[in-house]
Amino acid sequence: FYTIEVLDEAISRRRQVAFIYNSVGLDMKLSPRLDRRGRPIRHLVNPYHMVVANGRHYLIGNYDRHHNIAHLRIDRITEIELLDKPAKPLCQVEGIEKGLSLPAHMAEHIYMFSGPSEWVVFTAPVDMMDSIVDWFGTGVRVRERSANMMEVSVKVNKKAMRYWALQYARYVTVLSPEDLVKEVRDDLREAAGRYYALEK
């Protein structure tokens, strides 16, 4: 709660924050990310919004030394400090130069992966429409292919789409872009191979 309070103040005052960002280790405990000398890295971040996705709280911000947007799990932030230095304006962050539309951003980053979004086309049963809108919002493009199947176009983070397509692999077939089609196909073959080896 203290971290959220500090972030809320930083966002409202448009100030930078500094903190240590942690990963979960094999012991299920948070461990700080370390530099080459083995010391915890203290990150300088420009905070813009806090959001909830898939039951988890995220900070949408920008690492000050980089130009792109970042999604950071708030529960993995420790030793946070509010700084006096003004936050970097949104117009200087790649992908949100014209501002950040939270509904569109959340629809494109369904698993909160960072990186650019692109158009993905896939087929799915018509009765999945509710789920697709739940995940991607109402900005999806839909074309009927048959009485039971539809073709859907969405602008989405490609890495997130890869995970989503694997989650719904029984029902969904990715048609483009070609590199994503290959990645999903390879993932499914690898998973089938592991399942077959276990069955033997």
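# Asking how we know

Guide: Let's start with Arg-14, in the loop between helix α1 (2–13) and strand β1 (15–24). Helices (H or I, at least four residues) and strands (E, at least two) are DSSP runs, numbered from the N terminus. This is a predicted model, in which local features need pLDDT of at least 70 and side-chain atom pairs count only at pLDDT 80 or more, while totals for chains, interfaces and linings use all residues. Residues are numbered from 1 along each chain as its sequence is written, and side-chain values use heavy atoms, leaving out hydrogens and water.

Visitor: Why is Arg-14 called exposed?

Guide: Its relative accessible area is 66%. Buried means under 20%, exposed over 50%, and partly exposed in between (1.4 Å probe, protein chains only), so 66% lands in the exposed class. Arg-14 also has a positive phi of about 55 degrees, although it is not a glycine.

Visitor: And what makes Glu-79 exposed?

Guide: Glu-79 reaches 55% relative accessibility, so it counts as exposed. This residue is in strand β6 (residues 77–86), and has a positive phi of about 50 degrees without being a glycine.

Visitor: How do you know that Arg-145 and Glu-151 form a salt bridge?

Guide: We check a distance. A salt bridge is a side-chain nitrogen of Lys or Arg within 4 Å of a carboxyl oxygen of Asp or Glu. The closest N and O atoms of Arg-145 and Glu-151 are 2.8 Å apart, so the pair qualifies. Arg-145 is partly exposed at 48%, whereas Glu-151 is buried at 16%.

Visitor: How many salt bridges turn up in the whole structure?

Guide: The search finds 12. In one of them, the side chains of Asp-179 and Lys-158 meet at 2.5 Å, N to O. That pair links distant parts of the chain: Asp-179 is in helix α5 (residues 178–199) and Lys-158 in helix α4, 21 residues apart. Asp-179 counts as partly exposed, at 37%.

Visitor: What makes Lys-182 and Asp-186 a salt bridge too?

Guide: Their closest N and O atoms are 2.8 Å apart, which meets the distance rule, so they count as a salt bridge. Both residues lie in α5, four residues apart, about one turn of the helix. An α-helix has 3.6 residues a turn, so residues three or four places apart point the same way. Lys-182 is partly exposed at 45%, and Asp-186 is partly exposed at 30%. Elsewhere, salt bridges that share partners join Glu-118, Lys-158 and Asp-179 into one network.

Visitor: Which residues of helix α4 are buried?

Guide: In α4 (residues 158–167) they are Lys-158, Ala-160, Met-161, Trp-164 and Ala-165. Looking down the helix axis, these buried residues fall within an arc of 145 degrees, so they line one face of the helix. (The arc is that of the directions from the helix axis to the C-beta atoms.)

Visitor: Why is strand β4 described as largely enclosed?

Guide: Six of the eight residues of β4 (residues 56–63) are buried, so the rest of the structure largely encloses the strand.

Visitor: How do you know that β3 and β4 pair?

Guide: Two strands pair if DSSP finds at least two bridges between them. Strand β3 (residues 42–53) and β4 have eight bridges, so they qualify, in the antiparallel sense. Ala-53 stands opposite Arg-56 in β4. Their hairpin has two residues between the strands, and there Asn-54 takes a positive phi near 55 degrees.

Visitor: What makes β4 and β5 a pair?

Guide: Four bridges join β4 to β5 (residues 70–73), so they meet the rule, and they run antiparallel. The bridge partner of Gly-61 is Ala-70, in β5. A hairpin joins β4 to β5 through six residues.
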